[in-house]
Amino acid sequence: MANEPIVSLRQVTKRVGRKTLIDNLTFEVPQGEIFGFLGPNGAGKTTTIRMMVGLMAISEGEIRIKGKNIKTEFEQAIRHVGAIVENPEMYKFLTGYQNLIHFARMVPGVTKERIDEVIALVKLEDRIHDKVRKYSLGMRQRLGVAQALLHRPSLLILDEPTNGLDPAGIRELRDYLRHLTRTEGITVIVSSHLLSEMELMCDSVAILMHGKLVDVKPIGDFIGGNEQAQTYLIEATPAEQALGEIKAIVGVQGVEMTDEGLLVTAVRDQIPAILAHLMRQDIQIYGVRAVRQSLEDRFLQITGGEQVG
Amino acid sequence: MVNLIRNENMKLYRRWRTWVMVGFMIAAVLVGSFVEWYYDSSDASWRNDVIEQQQDMQAVLSDPELDPESQVYYKDQLAIIDYRLTHDIRPEPGTMWDGINGSASLFILITLFTVIVAGDSLAGEFTAGTIKLLLIRPASRLKILISKYLSMILFGFGLLIILFVVSVLVNGLLYQFKAIDLPLLTVNGEGVVVEKSMVANLWQTYLLNGVSTIIFVTMAFMISSAFRSSAMAIGISIFSLFAGTIVLELLQRYEWSKYLLFANLDLSQYLSGRPYQDGMTLSFSVIVLALYFILFNLVSWLVFTRRDVAA
Ligand SMILES: Nc1ncnc2c1ncn2[C@@H]1O[C@H](COP(=O)(O)OP(=O)(O)OP(=O)(O)O)[C@@H](O)[C@H]1O
Ligand SMILES: [Mg+2]
């Protein structure tokens, strides 16, 4: 069943002592998507991931992976998961290859050929027989991705995978994740601080704040569609007069004067009416364009610019 | 499970630290045996020494005020000397067995090294953060714990084999393997001298020591899993390894001290017939040790399988 969600969280709550780290999370991750976890520092992204992979007990609610309860059917559920939680910490005193052997042995059916295949995939062939101690952060990240992919998981969970990668590495990772979802039907969950990254990478995002779910939506909806208010830049003179006129129009959600022009927040359908109104007042209009609001702006808007939760 | 143990072994033997321990073990046996051999003054004329001993003991025994316990002891020793002289069986000094038996005291190194490795095996994964990758595989936490435990026991056993082989080889070479079939003479319950195999006796000593090694390893594991700190696990275990006997001496006058772990660790106290407190028996100690063993393992298991991993 293609539509069955690969991961489902139902009223998941995590408490440590009196503190509630995660509060009543309910959402589903559809199969075959790249799904983003977004939230300021301390929002609870890593905590949620830890519960998903069984590293932390769930205080209330349940998490199912491929229909298997992570708590009561741990071994069947985790079999389908490959993950990096926070930093990709590997055994430093072993070589990259020995690390892969180590994790390959823990899951039945991973062959030597598969190990070589994964090494080629993350482009570590040249350094795989070096001790991990000598790896750069980006190389460790690659090795982390390699160990997560060894057993051909259906769900790949990567906590801040771009951390430590150079731009080329990030691009490679992105292309690679796309490739995995398209050709192998793998579902990927990524959390990241690089919001612009998420915008390029993800199909949907869940926004977390203070351990609560703020929103889950396809990425397009965050950036803005027809029914949603967007920001438009209008170059008009005299600007002062235009500002006053626009403010008076019912339905305009906001207007602001900048050096470039007036930044107007309104629904797309309203734009012709606004322009017509300005022209009737003999205001000269030199240009109008939609300012594509990045996820980052949207995110800051939602979270009120707050950076640490 | 086999794969898990192979993993643990790989992590253990791919570290130079482990081989330093092995090297140190070998060096200690070599040096100890060599020093003992070098200062060994006994020669082929063991009869004269034994006869001299015999006379000394007879003199002591003739003292009417000697307590009954010592009387039994000296009588037994004299019986053994008689047996030696009539059956032409020399005492161990001046043979390879003296060195080999002496090397058995290096067993403490096995305990020490195994405890260090055990203390780090679990806690080290938490410190390094690798525990996260270890626990998100289709292997239960219990299996992982057991595989670590077994690999530690295997390591300790490996060190024991090294101790045995190296001490037999080096002492054999130093003494040209003379008297290799020398029996051990002891007096049984009925006061009759019996011949025992020297090797069997050696392994009996090893096994009795092994009991305390296993208990200390279990303890190191428990502390590792509770506090997730290698330093703490190794520190506390080694401290109790050395401080245990001192504490015991201070507490000997209290009867309850016989329930302490350390009072029961040394099972050879029953071979020599001088238990830590009167009324303690071998089965008492075995039961007490078994209870501690179960308790320690239960704590490790409960804590390790339940606690959140936030490393
Ligand atoms: N073991 C713990 N005990 C108590 N509080 C914890 C524990 N682990 C995390 N927290 C708290 O839970 C909150 C969420 O932490 P978490 O690591 O999930 O955030 P995050 O979204 O991953 O942040 P970041 O973007 O910085 O990685 C934080 O306030 C943190 O202080
Ligand atoms: Mg995090």
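**Exercise 1.** Between which chains does ligand 1 lie?

Solution. In this predicted model, ligand 1 is placed between chains A and B.

**Exercise 2.** Describe the shell around ligand 1 by residue, class and element.

Solution. Start with the count: 13 residues surround ligand 1. The closest are A:Gly42, A:Lys45, A:Thr46, A:Thr47 and A:His193. Next, sort the shell by class: four residues are nonpolar, six are polar and three are charged. Then turn to the elements. In chain A, β2 (19-29) and α1 (45-52) each supply at least two residues of the shell. The largest share, three residues, comes from α1(A).

**Exercise 3.** Which atoms of A:Gly42, A:Lys45 and A:Thr46 face an oxygen atom of ligand 1, and at what distance?

Solution. Take the backbone first: a polar backbone atom of A:Gly42 is 2.8 Å from a ligand oxygen. Then take the side chains. An N or O atom in the side chain of A:Lys45 is 2.7 Å from an oxygen atom of ligand 1. For A:Thr46, the distance from a side-chain N or O atom to a ligand oxygen is 2.5 Å. Taken alone, ligand 1 exposes 630 Å², and the protein buries 68% of that.

**Exercise 4.** Which residues have the most contacts inside the largest nonpolar core?

Solution. The largest nonpolar core has 160 residues, and A:Val7 and A:Leu177 have the most contacts inside it. Helix α8 (residues 141-174) of chain B gives the most to this core, with 13 residues. Leaving aside neighbours within four places in sequence, A:Leu177 is in contact with residues including A:Ile34, A:Leu156 and A:Met201. A second, separate core has 17 residues, among them A:Tyr232 and A:Leu243.

Technical notes
Residues numbered from 1 in each chain as written. Chains lettered and ligands numbered in written order. Predicted model: local features only at pLDDT ≥ 70, side-chain atom pairs only at ≥ 80, totals over all residues. Heavy atoms only, no water. Near = heavy atom within 4 Å. Polar contact = N/O pair within 3.5 Å; in protein donor to acceptor, adjacent residues only side chain to side chain. Areas by Shrake-Rupley, 256 points an atom, 1.4 Å probe, with all protein chains shown as cover. Helix = DSSP H or I, 4+ residues; strand = E, 2+ residues; numbered from the N terminus. Nonpolar A, V, L, I, M, F, W, Y, C, P; charged D, E, K, R; others polar. Core = buried A, V, L, I, M, F, W, Y, C linked by side-chain atoms within 4.5 Å. Buried < 20%, exposed > 50% of the residue type's maximum accessible area, 1.4 Å probe, protein only. Contact = heavy atoms within 4.5 Å.
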